[in-house]
Amino acid sequence: MSNKKLSLSRLETFLEEACESLRGNMDASEYKEYIIAMLFLKRVNDQFEKQRKIRAKNLTERRGVSEPELEYELEIPNAPEYDFFVPKEARWVNIKDLQDEIGDCLTKAFASLEDNNIEILEGVLKSIDFNKTIGKNSKKISDEDLRELIREFNRIDLTDDNLEFPDLMGAAYEFLIKYFADSAGKKGGEFYTPNEVVRLLVNILEPEVNSEIYDPTVGSGGMLIESKNYVESRYGDSRNITLYGQEKNGTTWSLCKMNMIFHNIYDAKIENADTLMFPKHVHEGEIRTFDIVIANPPFSQNYSTDGMKYKDRFNFWMPYKSKADFMFVQHMTASIHNEGRLAVIMPHGVLFRGGEEKKFRQYLIDKGYLEAIVGLPPALFYGTGIPASIIIINKKNAGKRDKVLFINADREYKEGKVQNKLRPEDIEKISYTYRHKKVIDKYSRLVSKEELEAEEYNLNIRRYVDNAPPPEPHDVHAHLKGGVPISEVNSLKNYFDSYPGLDRKIFKPLKRGYLSFLKSISQKEDIKQLIDESPEIKVTQEQYTSQLSTWWKKVVKDFETLPENNNIFALYRKFSESFSKSISELKTGQKTVLDDYQSRGALASYWSILNYDLKSVAASGWNAELIPDDEILESQYPEVLKELRENESRKEEIEALFKEVNELEDGVWTEEEYEVWPKDELKEHKESIRALKGERKEADKEYKNILKRINAVEKAVKKNPELSKEIPVLMSESEKYASEITRLDGMISSDGSRIAKHTELEEELKRCRKVIKEIKDKKENLVEQARLLIPPEEAKELILKRWNSVLHETINGYIQTHQRQLLKAIENIWDKYNTPLHIILSEREKETQTLNEFLKELGYE
């Protein structure tokens, strides 16, 4: 039966909903500390209540303590059972029912929690002020919003016993930080480095089981956490590493401290100060040195020497304005011991600018410290689209180092709408090339000190590894006379070798040195259809499916024993030996689609997708909580899921209509062409209708007054017959107002009908949102009821089935990318050579003749 443990996916969904409750009132960069603080408060409270019960049991059963002494003993702050002591004013039982002045109560609760756990929390929580005003509009979080936030957090139990795997809280924190960075846009770069970049740096540095690791611009702590995760995964234990960091921004420093606590790291030494001005990690009056230093400093920052401590770290003083980059690198270089290494993200400018930066580059090369430089793709980081680089400095064997490794990886990445990403194979290729000092054409090269000196220590990566694609070939004869050059088709041999015979389905011999497209390909669209339906393509796909299925059957038993063995890294290491070999042995002997780097990257990608599932199974067994909600609903309540999807789809359609008209340029929108109205036009139109309704109201008022006067006169005529002459005048006036009311009603009706469709869609959108909310509200209960009926064996079967499906989807993604690249290359050949010059001229001549005939018919000769 399901043990109802909290899964990461459920916790992520919960946290996203909690964020949405504040999203409309302030930016993510403004409310992030509130959400994280509330998560922290609920976590320590839940754990404290559990540990309090354990302490009460220990006191009563082992020592025979009873009331009132028991209550006194339970309130001792430094009791051994407590990770954190939660004072009464910070206890959830008192927080959850707050109604008024909630901001004050929470601020005081956090201050009290810090005071009672000062060794771990000093300076972390007191800076969180739930009453502070934010932004130019002086926004402040309201009691109503805080009540809703507390209600949300009251729904979950965050004790260790209720977590699917031990580091679930750490994973949840990482989800939140990325969520806030994504929402904050440019500001996100101030506290978050994309995890793919962090993993790359950690894989390059390979921290060992007892490493001392330091990040001088630690941000929210992601690089230190990933270093710890790497050591734990590789060696099975990270207790002997020590983490150090320093952060200038107080709020970000607090987030980093909480990040460490969420990951159960209580001994990390994280300081709050400007690293360049006031380095805090010192030993016996000197800068402390470490095994590994890792960082992503702010790019092109200003700095000052006024009041700066430990100036002897810097041999080269960079310009003060926007040139602090190499100041950070100098500090980092001074912070590694004689066998230490560092990796740091830097803008490309530091690689080739002159002045003191050039002198520092020469110093690093002459000393043998500079080991490698890696060029990264553009737009990896928040807030900037420029490409960056990694500088790797290694003092070990520096005296013997006579070459620098240059890696140009700026063309290998996954393109995104806003931000690009490093793929697992990109990380694997860079780190493998670095570790083995591989020389790869148009990718990496070892450059001697002598050559660097001859280039005046200009380290521009393209100067040594130019990965620019060759110029687009153009065969003049083919352009003039027709045909496809065989040389250009042969250049696609690496692709065609994966699908033997496919080239003969597309091209046929034409003349010496030239081919032509087969007659069955009469238009460019036919190429895609041919490739999609090609037996050669399908054979390769089927072979990969078969090879993966064979591999899966061999390893599924290892997956099944995960709850007993618990060693996820050992499992990965074992699989990595067999995986690449398995998918490289295609039965027909054709060239494989995935090269060595891609096959290793594919396994890494697959493992990354399963990461938290694997941790959960290792810690909690085959838990039905790992089965996605939609899979449960699909099998148990398909009609509910269908209704949800239909309403979500319709909601997106209507929202897209509204979004489209509101993004049109001025003057483009017309009432005749669009069903819905832009906000400004709609506002103006509704104001016009309101004005008409106001006029109608006044006319109606006057009309009714006249009717009253007519009624009064008709009564008075009996006594004063002379008043009868007023009745025709009043009747005439009443008819005018009646006519005006009719006219206004017509205009109101007409104007209302003009926006009727817009209004109808607005109402439909409201209904869709209401239905979606209602389904989501009951969805959790439906899913939980269904999960209770799934025993562990059935859960294991469903989970393994999904893991197998993810494996095939992952590899199919690589195969489809390979096929799209081939298609694009063939279509490019079509675009270039399908219509040679003599055909263009002939068609032009025909069109000219047709035009002349028309002109002649019109009398123009």
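Leaving aside neighbours within four places in sequence, Thr540 is in contact with Ser498, Tyr499, Gln590 and Val593, where contact means heavy atoms within 4.5 Å. The model is predicted, so local features need pLDDT of at least 70 and side-chain atom pairs count only at pLDDT 80 or more, while totals for chains, interfaces and linings use all residues. Residues are numbered from 1 along each chain as its sequence is written, and side-chain values use heavy atoms, with hydrogens and water left out.

Thr540 belongs to helix α21 (residues 535-560). Helices (H or I, at least four residues) and strands (E, at least two) are DSSP runs, numbered from the N terminus. With a relative accessible area of 0%, Thr540 is buried; buried means under 20% relative accessible area, exposed over 50%, and partly exposed in between (1.4 Å probe, protein chains only). Glu698, in helix α27 (residues 679-716), is partly exposed, because its relative accessible area is 45%. Glu698 and Leu149 lie 549 residues apart in sequence and 47 Å apart in space, C-alpha to C-alpha.

The next feature is an open sheet of nine strands with mixed pairing, in the order β3-β2-β1-β6-β7-β9-β8-β10-β11. Two strands pair if DSSP finds at least two bridges between them. At the edges stand β3 (269-272) and β11 (444-448); each has a single partner strand, so one side of each is left without a neighbour in the sheet. On average, neighbouring strands of this sheet are turned by 15 degrees against each other, direction ignored.

Within this sheet, strand β8 (residues 370-375) is mostly covered, six of its six residues being buried. β8 runs antiparallel to strand β9 (residues 388-394), to which five bridges join it. With strand β10 (residues 403-408), β8 pairs in the parallel sense over four bridges. Ile373 stands opposite Ile391 in β9 and opposite Phe406 in β10. The bridge partner of Val374 in β9 is Ile390.

Helices also pack on the sheet. Helix α9 (residues 195-205) lies across β6 (290-295), β7 (336-347) and β9, at about 155 degrees to β7. Helix α11 (residues 250-262) touches β2 (242-247) and β3, and its direction makes about 170 degrees with that of β3. Axes are lines fitted to C-alpha atoms, for helices over the stretch in contact, and angles run from 0 to 180 degrees between N-to-C directions.

A second open sheet has three strands, in the order β12-β14-β13, with antiparallel pairing. Its edge strands, β12 (484-485) and β13 (507-511), each pair on one side only. Two bridges join β12 to strand β14 (residues 514-517), and Tyr514 in β14 is the bridge partner of Pro485.

Elsewhere, helix α5 (residues 102-115) packs against helix α7 (residues 143-153) at an angle of about 55 degrees, with the axes 9 Å apart. The two are therefore oblique to each other: angles under 35 degrees count as roughly parallel, over 145 as roughly antiparallel, 65 to 115 as roughly perpendicular and the rest as oblique. Ile102, Gly103 and Leu106 of α5 make the contact with Asp143, Leu146, Arg147 and Ile150 of α7.

As for cysteines, a search of the whole structure finds zero disulfides, a disulfide being a pair of cysteine sulfur atoms within 2.5 Å. For Cys19, the nearest cysteine sulfur is that of Cys256, 19 Å away. Cys19 counts as buried because its relative accessibility is 0%, whereas Cys105 is partly exposed at 28%.
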